[in-house]
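Please open the structure in your viewer and keep the selection tool at hand. The stops below are meant to be taken in order.

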Amino acid sequence: MKRLRVAVYPGDGIGPEVTAQAVRVLRAVEERQKQWSLELVEFPWGFDYYRQTGRVVAEDYLDVLRPFDAILLGALGWPAELPDHVTLAPLVTLRQRFDQYACVRPAKLYPGLKSVLVDKGPAEIDLVVLRENSEGEYVDNGGRVRRGTPDEYAVQTAVHTRRGIERILRFGFDMARSRRRRLTMVTKSNAQRHAYVLWDDVLAELAPRFPDVESDKQHADAAAMNLVRRPESFDVIVASNLFGDILTDLAGAIAGGLGLAPSTNTNPQRTFPSMFEPVHGSAPDIAGRGIANPIAAVLSAAMMLDWLGLADAAAAIRRAVETTLAAGHKTPDLGGKLSTAEMGDRIIEGLA
Ligand code: NAD
Ligand code: IPM
Ligand code: MN
């Protein structure tokens, strides 16, 4: 029997609420399939842990997580009490230190749901944003000088490597081949002529090697506009770390809302565990009320099963989510009345 060890890091706010439902769904599929087993080890890191220990995560958290097959993360951040750059630092560090360079964020409007975009339905909204997740604008590279004086300044220098750009574009081309064979690279090379022109150069070199994929490039401002105006023109979007972050909140919003948007942080070489989490954050505005939509977390868990080689189990979860939504079961973010746990119940009932 295949045995998988998964580290669970629920985090803050609605993180533990939605993760609990993802875990219930995982257990329900495990129980039904009986061909594999999951060992889940939960780590109580986050703001509460900080209150007790003065640290957001255990000092050796990277060593602790390293041996797991995967990491399932909820959401981090409790900005009213602790600055985000402190609570969120382990997340960004994990992605970089575990070389989880491919952040896959599908945005697909499920039947039965309405997009905020009038006249756009499931046929028009089905894309994937592939976000470079290991370098770019998120590199911890800079400093503040003359602190606290009127002459203070800060520098934060992005790092874009040829190797990093090439590997994420290759990943994107391969992904496009399994979809509608269209890749759009998003940069801002009209304004930033060093880093993003390197992206342009690498795309120009790679594109002829994938003649079966239609590729183009857009500046980030135009891409944001086009995601709203004609989302059907996108299949696979490849973007740098920061642009990918911004575009995936937008893509999530047009595909029914952030409560539905799953994400991977993939280490394609499998030298480190990959990490799976919703696109959304800890949503302090609704935390503790039991009304968060768990679907983004549940679909992230499905992406984890896919990555672990359990494609049937992943597909069963996706089908259950699809039938649940098509039947009109909705949490308040979708205009319904179900609680987080009731949505978990409906999905489990929907499992074949
Ligand atoms: P957010 O994604 O937490 O929330 C944005 C809006 O979407 C809120 O109105 C929230 O109620 C709603 N929302 C999000 N997820 C939902 C769900 N599952 N069901 C129903 N509604 C949902 O973004 P924010 O408010 O800008 O950030 C809150 C905190 O989360 C901050 O500390 C931020 O830094 C952090 N954050 C963490 C992650 C992460 O852990 N990966 C991602 C984004 C933001
Ligand atoms: C995300 C989040 C994170 C990011 C933050 C919380 C550091 O917004 O996963 O989209 O910017 O990557
Ligand atoms: Mn984000």
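What follows is a short tour of a ligand site and a cavity.

The model is predicted, so local features need pLDDT of at least 70 and side-chain atom pairs pLDDT 80 or more, while totals for chains, interfaces and linings use all residues. Residues are numbered from 1 along each chain as its sequence is written, chains are lettered from A and ligands numbered from 1 in written order, and side-chain values use heavy atoms, without hydrogens and water.

Select ligand 2 and the residues around it (a heavy atom within 4 Å). The shell consists of Leu 88, Val 92, Arg 95, Arg 105, Arg 131, Tyr 138, Asp 245 and Val 279. Four of these are nonpolar, none polar and four charged, with Tyr counted as nonpolar and Arg and Asp as charged.

Next, show polar contacts (N or O pairs within 3.5 Å). Oxygen atoms of ligand 2 lie 2.6 Å from a side-chain N or O atom of Arg 95, 2.9 Å from a polar side-chain atom of Arg 105 and 2.8 Å from one of Asp 245. Alone, ligand 2 exposes 320 Å², of which the protein buries 76% (Shrake-Rupley, 1.4 Å probe).

Colour by domain, using the automatic or database assignment. Ligand 2 lies between domain 1 (1-100 + 261-352) and domain 2 (114-255), because both give residues to its shell.

Finally, select Arg 105, Pro 106, Ala 107, Thr 248, Ala 251, Gly 252, Ala 261 and Val 279, which line the largest cavity. A cavity is a set of points on a 1 Å grid over the protein atoms alone where a 1.4 Å probe fits but cannot get out, and lining residues have an atom within 4 Å of a point. Its volume, the space filled by probe spheres set on the points, is about 30 Å³.

Note on methods
Polar contact = N/O pair within 3.5 Å; in protein donor to acceptor, adjacent residues only side chain to side chain. 1 Å grid on protein atoms, 1.4 Å probe; cavity = no way out; pocket = protein on both sides within 12 Å on 5 of 7 lines; lining within 4 Å.
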